[in-house]
Amino acid sequence: QQAHGFHDRRHGCALGKPLIRSRGDHFRFAVIGDLHTHWDEVDLAQFSRADYDLLYFTGDLGGGTPDSTLRVARVMAGLRQPALVMPGNNDTGDIHQLAAELAHQHGLNQLMSIARNSEQAVNPIVLCGYSRHRIRAGQLDVTLLAARPHSMGGPHLSFPDYMRATYGIESLGDSGRRLMALVDESDTEHLIFLAHNGPRGLGEEAHAMWGCDFKENGGDWGDPDLAEAIDHARASGRQVMAVIAGHMHIRTKQGIERPWKLEVDDTLYINAARVPRIFSGSEDVFRHHVAVTISEGGVQAHEVLLPQYG
């Protein structure tokens, strides 16, 4: 089972090389929402025993400091399954060091060798963003299209200097064009978009799926470049099976739960950012993720709470 390597504008992308293959007529993967340091050896053991074909992390690994992000990455590096990690807005430290920690490699030259020869990588945990990753669910080929990393949401490009230096992205317009080009380069009819923040267009209310809960008047805080890419994919005849992201926490600052799952225009939208993802219940400590199943019949998703002691 293979996954693609970290990339940036200076070193090119490992694109369109299938395949992470399912072991049956469906493909199962786990979506682990924004971590915010809530990841440890118990999670490592639980997921290493699970039968998922792939793990997807929506980002915000640490608590806002590079050291906390790298500590989480070092534990994640012990996973046995292929995993895609989308850098969140809290993950803008040294991106090369983060990728190296996940790949169990240290040093820029070793890292870039992995990026160019991902089939030979010992550890299949990689960063994604502006990249394509093909999977096969039974006889169905699907492209996972990883959208803009490090998004904070809203109408402006987050971290413009960093995005320019790391990805060659100068504006939201640049980002939209990059994502639409990835759609055009995809050689499968079926697409699933992976992101840190979700797309614009799913509601203006503070408790909408990616609504703004930290401004008095609310507003749609989804990414306009991602929405543009989704519209472009549909207009070009692609089937957008799902859009999977996090960032906007399920429980809003007003104490209302926004929907974590929504189906619109035959596309399943998932927000996996149930924060904190590790919490105490009446009888145990529970760890949250979303289980997604892809088959020729479509996409299904349900929340999973794994007990720590039960």
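Reader: What classes of residue make up the lining of the largest pocket?

Author: In this predicted model, the lining has four nonpolar, three polar and four charged residues. Among the residues that line the pocket are Asp213, Phe214, Trp221, His247 and Arg258. The space in the pocket comes to about 210 Å³.

Reader: How many aromatic pairs are there in the whole structure?

Author: The search finds seven. In one of them, tryptophan 39 and phenylalanine 47 have their ring centres 5.7 Å apart and their planes at 20°.

Reader: Why is the pair of tryptophan 39 and phenylalanine 47 called stacked?

Author: The centres are 5.7 Å apart, and the limit for a pair is 6.5 Å. The angle is 20°, and planes under 30 degrees apart count as stacked, so the pair is stacked.

Reader: Are tryptophan 39 and phenylalanine 279 buried or partly exposed?

Author: Tryptophan 39 has a relative accessible area of 5%, and buried means under 20%, so tryptophan 39 is buried. Phenylalanine 279, at 28%, falls between 20% and 50%, and is therefore partly exposed.

Reader: How do you know that arginine 178 lies over the face of tyrosine 130?

Author: Arginine 178 is at 5.0 Å from the ring centre, and the limit is 6 Å. The arginine must also be within 35 degrees of the ring normal; arginine 178 is listed as lying over the face.

Terms used
Residues numbered from 1 in each chain as written. Predicted model: local features only at pLDDT ≥ 70, side-chain atom pairs only at ≥ 80, totals over all residues. Heavy atoms only, no water. Phe/Tyr/Trp six-rings, centres within 6.5 Å; stacked < 30°, edge-to-face > 60°. Buried < 20%, exposed > 50% of the residue type's maximum accessible area, 1.4 Å probe, protein only. 1 Å grid on protein atoms, 1.4 Å probe; cavity = no way out; pocket = protein on both sides within 12 Å on 5 of 7 lines; lining within 4 Å. Points joined across faces, edges and corners; volume = space filled by probe spheres on them. Nonpolar A, V, L, I, M, F, W, Y, C, P; charged D, E, K, R; others polar.
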